[in-house]
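Look at the model first, then read on.

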Amino acid sequence: MKGLSGDLLRSTTVIKVLAFVFLAVAFFYFGKHWSDGSSQQLLFFNSRQNPSGLISPSAVSLSSNFNKTYDLSTVINDTNRQQAGEVSIPPPPAVTLSPSPPPPSAVQHMGLLDENGVMKEDFAVGDYDPDVVENWPGVGNETDLSENNKVVKVKKFGLCPESMREYIPCLDNVEAIQKLNSTEKGDKFERHCPEKDKGLNCLVPAPRGYQAPIPWPRSRDEVWFSNVPHARLVEDKGGQNWITIDKDKFKFPGGGTQFIHGADQYLDQIEKMVPEIAFGRHTRVALDIGCGVASFGAYLLSRNVLALSIAPKDVHENQIQFALERGVPAMVAAFATHRLMYPSQAFELIHCSRCRINWTRDDGILLLEVNRMLRAGGYFVWAAQPVYKHEAALEEQWEEMVNLTTRLCWKLVKKEGYIAIWQKPLNNSCYLSREEGSQPPLCDPQDDPDNVWYVDLKACITRLPEEGYGANITTWPSRLHDPPERLQSIQLDAYISRKELFRAESRFWKEIIESYVRALHWKNFKLRNVLDMRAGFGGFAAALVENQLDCWVLNVVPVSGRNTLPIIYDRGLLGVMHDWCEPFDTYPRTYDLLHAHGLFSIERKRCNISTIMLEMDRLLRPGGRIYIRDSLAVMDELQEVGKAMGWHVSLRDTSEGPHASYRILTCDKRLLRA
């Protein structure tokens with residue numbers, strides 16, 4: 001037993017000795033390797049500071065042993081000599097400095113911010129590779145989409161009855177209109193949208209014989225009868241040079257009730273009466289109320305003026321349909337009980353030629369709405385019987401109009417023949433100098449004149465901004481690029497960077513549209529009527545203008561975001577406020593291109609994606625295109641809903657590449673008939 005314990009003790013001692021030797025060798029090896037081959041060197045810091053209080057560059061120095069080499073044998077020999085009484089001082093070794101490392105390669109920054117976090121004006125968006133673009137594949141034919149590991153079936157949407165081929169959901173809601181207490185103020189022509197579970201759930205068909213629309217500019221003068229098969233306007237207005245039928249086409253001679261000799265002659269007369277109107281320079285954006293078939297706006301386009309033509313869906317219910325088929329900016333809208341969906345100080349000129357509106361009723365509440373939308377210093381043109389006819393009832397109407405416009409501080413600048421032209425003041429000085437108690441009163445200072453979504457008309461005068469915002473805009477075309485003063489009034493989180501945001505958005509869309517034109521051949525598309533469903537500052541529309549695409553854009557500002565409509569109009573563009581959880585006020589088949597940037601990832605929190613896409617199908621002409629630029633999170637659902645509606649869909653990478661969080665979904669609509 002004693003011998004066994006002794007053996008164990010000796011074996012334990014041997015193990016400890018071997019472990020100690022192993023550790024010693026290991027430390028020696030690592031120490032030598034570190035001193036010989038490591039690129040890490042010791043740094044020493046000097047606490048001395050320069051007079052400015054900052055640490056000088058020389059305050060950081062290399063170790064005195066940096067890059068030195070030593071012969072260990074000489075050190076050992078010297079030590080032995082010292083022990084033998086010999087003193088030897090070795091010469092200092094030569095010190096060599098390593099060359100400075102090469103500068104880092106230049107990094108191309110693709111974002112909006114520089115390395116200091118400041119927004120840049122010279123950022124790059126990136127280009128498309130045309131070879132890649134041309135060979136982008138389409139998606140498959142699956143009709144299932146995965147949601148939280150559950151398979152959701154998207155059923156094919158069926159066709160609506162043929163009776164719905166011109167259906168406008170919020171204006172054709174007969175059930176809601178019949179429940180109105182009164183319709184004497186035009187309430188029945190306003191929005192009455194279906195309840196949530198009674199909305200559109202089918203595809204609106206095209207009429208029999210529908211053909212691809214005649215391209216602009218020929219469409220200004222003629223359209224296919226089969227696309228808008230309604231002859232009532234020809235019967236009612238045949239003698240006023242509005243519209244005629246010639247075989248299989250409608251023809252538009254360019255006349256109107258008050259300008260039967262043609263719109264061009266009429267426009268020349270207006271500009272001759274007041275040269276300061278200066279179509280295409282000072283006057284860029286106009287509103288035509290009760291527009292007929294929109295010949296006034298159609299002929300202004302050749303003078304670089306965008307005129308939005310509006311009319312209600314009344315007894316002449318197809319006026320706006322004709323206007324849009326011609327390729328002229330138009331919307332269904334009525335002066336009734338609510339504000340129109342346009343901002344304050346939107347239009348340089350507002351025109352009414354026999355628009356059948358009683359401007360002086362209810363203390364002038366309808367003309368006060370015109371005053372809200374008219375730009376400071378803008379013009380109101382009225383061509384109507386009270387201007388020129390000498391009949392007792394009509395002369396009384398004229399006197400009432402003169403009295404009302406005087407109280408609005410409008411100046412009657414010219415009355416000639418059957419046309420009268422007033423000008424709105426540039427500031428509030430006239431309003432404030434009126435006698436106390438004058439009617440109509442000024443609106444409350446807290447009233448927001450740009451708040452228009454389901455807001456009642458107000459019988460008060462909209463105040464002009466004290467800063468002069470909206471009045472001091474530049475002339476066309478420079479106003480398209482100049483950041484307007486009203487940027488400072490937009491509700492944003494940022495203050496200083498508003499102009500930088502404006503320029504950044506403009507550059508962003510400029511580069512993208514240039515790549516679309518170059519790689520996707522947009523100039524070969526027959527684009528005329530374009531709808532931007534989430535417009536921001538209008539950069540997408542401005543880029544189309546810069547690329548000389550012969551189209552016009554209606555910029556939609558969703559109610560779910562910031563109200564940038566005033567900026568869009570200050571740039572010389574057209575826009576409207578809308579909630580995409582509700583249908584849009586236009587006829588079916590009225591747009592060639594729908595563009596949606598980041599719309600669905602926001603609106604999906606408020607309403608069903610398929611509801612918005614069904615509305616898009618209603619608005620889009622057969623053969624038209626949709627470009628959706630949105631996050632990956634919504635793309636699967638968008639693809640499946642698009643295929644369920646019979647669209648040809650294709651998912652594409654953005655210029656950022658296949659690993660970006662955004663994709664582009666392009667959709668083509670096919671012709672479907674009942």
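## Cysteine burial

C551 has a relative accessibility of 16%, so C551 counts as buried. The cut-off for buried is under 20%. This is a predicted model. C291 is also buried, because its relative accessible area is 9%.

## Disulfide count and pattern

How many disulfides does the count come to? The count comes to six disulfides. A disulfide is a covalent bond between the sulfur atoms of two cysteines. Number the bonded cysteines along the chain, and the pattern reads 1-4, 2-3, 5-6, 7-8, 9-10, 11-12.

## C170 and C193

C170 and C193 are joined by a disulfide, with an S to S distance of 2.0 Å. The torsion about their S-S bond is about 105°, so this disulfide is right-handed. The bond links distant parts of the chain, 23 residues apart. C170 sits in the loop between β4 (150–153) and α4 (174–178). C193 sits in the loop between α4 and β5 (222–224).

C193 has a relative accessibility of 23%, so C193 counts as partly exposed.

## C352 and C355

The sulfur atoms of C352 and C355 lie 1.9 Å apart and form a disulfide. The torsion about the S-S bond here is about -80°, so the disulfide is left-handed. Both C352 and C355 are buried.

## C409 and C430

A disulfide also joins C409 to C430, at 2.1 Å from S to S. Its S-S torsion is about -80°, which means the disulfide is left-handed. C409 lies in the loop between α11 and β13 (411–416), and C430 lies in helix α12 (residues 429–432). The pair therefore ties together parts that are 21 residues apart in sequence.

C409 has a relative accessibility of 10%, so C409 counts as buried. C430 has a relative accessible area of 30%, so C430 is partly exposed.

## Packing of α9 on α11

Helix α9 spans residues 361–373, and helix α11 spans residues 392–407. They pack at an angle of about 60°. Their axes are 11 Å apart. The crossing of α9 past α11 is right-handed.

Which residues make the contact? From α9 come D363, G364 and L367. From α11 come M401, L404 and T405. By class, the residues of this contact of α9 with α11 are three nonpolar, two polar and one charged.

## Packing of α13 on α14

Helix α13 (residues 498–519) packs against helix α14 (residues 539–546) at an angle of about 50°. The two axes are 8 Å apart. That angle makes α13 oblique to α14. Here α13 passes α14 in a right-handed crossing.

On the α13 side, the contact is made by E505, W509, K510 and I513. On the α14 side, G539, F540, A543, L544 and E546 take part. The contact of α13 with α14 divides into five nonpolar, one polar and three charged residues.

Technical notes:
Residues numbered from 1 in each chain as written. Predicted model: local features only at pLDDT ≥ 70, side-chain atom pairs only at ≥ 80, totals over all residues. Heavy atoms only, no water. Axes fitted to C-alpha atoms, helices over the stretch in contact; angles between N-to-C directions. Helix = DSSP H or I, 4+ residues; strand = E, 2+ residues; numbered from the N terminus. Left-handed = near helix turned anticlockwise from the far one by under 90°. Contact = heavy atoms within 4.5 Å. Nonpolar A, V, L, I, M, F, W, Y, C, P; charged D, E, K, R; others polar. Parallel < 35°, antiparallel > 145°, perpendicular 65-115°, else oblique. Disulfide = S-S within 2.5 Å. Buried < 20%, exposed > 50% of the residue type's maximum accessible area, 1.4 Å probe, protein only.
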